[in-house]
Amino acid sequence: MTRPSLHLRLALAGAVAVVVALAFTSAALTTLFAAHVQRRSEAELSVQLDQVVAGLGRDAQGALGLETPPTDPRFEQPLSGLYWQVDTGTAVLRSRSLWDYVLPLPPDELPDGQIHTHILPDPSGGALLTLERIVTLPDRLGGGVSRVAAALTTADLEEARRAFLRDLLPYNAILAAALIAAGWAQLFIGLRPLATIGERVAAVRSGKQNRMGEDFPKEVAPLVAEVDALIAAREDELDRARRRAADLAHGFKTPLQALLGEADRLRESGQDGAARSIEEIAAAMSRHVDRELTRTRLAGRSRAAKTRVGPVIERVVSVVSRTPQGAELSWQIDANGAPLAAIDADDLTEALGAIVENASRHAKSHVTIRARDLGAQIEIAVEDDGPGIEPSRIDEMRKRGARADQGGHGLGLSISAEIAEAVGGALELENIAPGLRVRLLLPAVLG
């Protein structure tokens, strides 16, 4: 099961954080707006209270009344949501908008002129924001104390709050989208070095470069330095392993030479069978030593190696053609324009040398070597006009681990196959009329 990427998890966490933060911000702004609207409404009601108090007077019969009512037309509209009321203790004066409803002012003791705020029931349902003031009437109005109140329905306040929230939501959505996009862009830029680390590791693994490099931010520089140190430590271990394997292989050389010398003495004494057995054992041991030396050397090769195959072919043919068997053959080389192969020059020389030497031993009159560019691969085909090889032997040699030097054919081809496989190539054999074709397939250096 594939786990979500770090980029996706951080992006989702950032998006959730942005949405939650904007939700809390919207709630806080709405609360602040509602508080502001209430303060404005209280200020408006305070003005209405002043107008009501200023408009109090006596009519012709001497009854207390409101000679100059407030100018807001809502006071004249029944149940409009804006009301005033004056309670003199003996009579209650109220706006036409209250109709037959009396504001249920709670028992309250206020200093003269001080205002109290109440939330009272609305005659049409809901609640009323009510401001109350105690006023001491002058003698011309009969004296005494009156409770003057002005009230405004909170439905208007709630509607203003909801309208503010509706207007705020589209802008919050745009802001959320912008913040989420900015967060994703920040993550893409911030996490880019991690992607670069993956690319560099792949480049090191493929052999395009030997080290990660130093052009990284300081936050990931320690990780990169540790990876480079690990690569260097591995190279040191491989180098020590190669040296130990080489020492071990060279240590076998002297005993093998001693065995061959013993075989010569046995043959001179007429014990050909024992001498032949010793020689076969020594030859088998020598082949194993050479094979392990080749594997050890290949294990430490850089994957960034590249070699132009044409000069290597010419150099190998120049050496083999000087041998007694090679000097009697006709050599044809076609390697013009062959591109670079992703293999070390020494490894290519050894692999190709074994193939060409095998062809020179079995060819009757000529050997042809062609190099072709196949795109992702380079093919080096070595053809001889010898007796070829049995098809069953070819199938056997294609099996992993099969020995390519059995029966006198393909001596050294096992090492060539090891080298080809180590660099990502292959060794193929096929009979032709007449002779044998050995195809060495190597990865090309692209770009």
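**Figure 1. Helices α5 and α7 in contact.** The axes of helix α5 (residues 309–320) and helix α7 (residues 345–362) come within 10 Å of each other and cross at roughly 45 degrees. Axes are lines fitted to C-alpha atoms, for helices over the stretch in contact, and angles run from 0 to 180 degrees between N-to-C directions. α5 and α7 are therefore oblique to each other. Under this scheme, angles under 35 degrees count as roughly parallel, over 145 as roughly antiparallel, 65 to 115 as roughly perpendicular, and the rest as oblique. The crossing of α5 past α7 is right-handed. A crossing is right-handed if the near helix is turned clockwise from the far one by less than a right angle, and left-handed if anticlockwise. On α5, the contact uses V309, V312, I313, R315, V316 and V320. On α7, the partners are L348, T349, L352, G353, V356, E357 and S360. Contact means heavy atoms within 4.5 Å. By class, the α5–α7 contact has 8 nonpolar, 3 polar and 2 charged residues. Ala, Val, Leu, Ile, Met, Phe, Trp, Tyr, Cys and Pro count as nonpolar; Asp, Glu, Lys and Arg count as charged; the others, Gly among them, count as polar.

The model is predicted: local features need pLDDT of at least 70, side-chain atom pairs count only at pLDDT 80 or more, and totals for chains, interfaces and linings use all residues. Residues are numbered from 1 along each chain as its sequence is written, and side-chain values use heavy atoms, with hydrogens and water left out.

**Figure 2. Helices α7 and α9 in contact.** α7 also packs with α9, at an angle of about 145 degrees and with the axes 8 Å apart. α7 passes α9 in a left-handed crossing. D347, E350, A351, A354, I355 and N358 make the contact from α7. L413, I415, S416 and I419 make the contact from α9. The contact of α7 with α9 divides into 6 nonpolar, 2 polar and 2 charged residues. In α9, 8 of the 10 residues are buried, so this helix is largely enclosed by the rest of the structure. The buried residues of α9 are L413, S414, I415, S416, A417, E418, I419 and A420. Buried means under 20% relative accessible area, exposed over 50%, and partly exposed in between (1.4 Å probe, protein chains only).

Figure 3. Leaving out residues up to four places away in sequence, I380 touches V309, I313, L348, L352, I369, R370, A371, V438, R439, L440 and L442.

**Figure 4. The loops on either side of β13.** G424 sits in the loop between α9 and β13. Just after α9, G424 takes a positive phi of about 95 degrees. G424 is exposed, with a relative accessible area of 52%. The C-alpha atoms of G424 and I343 are 9.4 Å apart, although 81 residues separate them along the chain. P434 is in the loop between β13 and β14. A cis peptide bond joins A433 and P434, with omega at about -5 degrees.

Figure 5. L79 is not a glycine, yet has a positive phi of about 50 degrees. L79 lies in the loop between β2 (64–66) and β3 (82–87). L79 is partly exposed, at 43% relative accessible area. W99, also not a glycine, has a positive phi of about 60 degrees. W99 lies in the loop between β4 (92–94) and β5 (115–121). W99 counts as exposed, at 52% relative accessibility.

**Figure 6. L165 in helix α2, with the whole protein for context.** L165 lies in helix α2 (residues 154–206). L165 is partly exposed, with a relative accessible area of 28%. L165 and L29 are 8.7 Å apart, C-alpha to C-alpha, and 136 residues apart in sequence. The protein has 9 helices and 14 strands. Helices (H or I, at least four residues) and strands (E, at least two) are DSSP runs, numbered from the N terminus. Of the 447 residues, 36% are buried.
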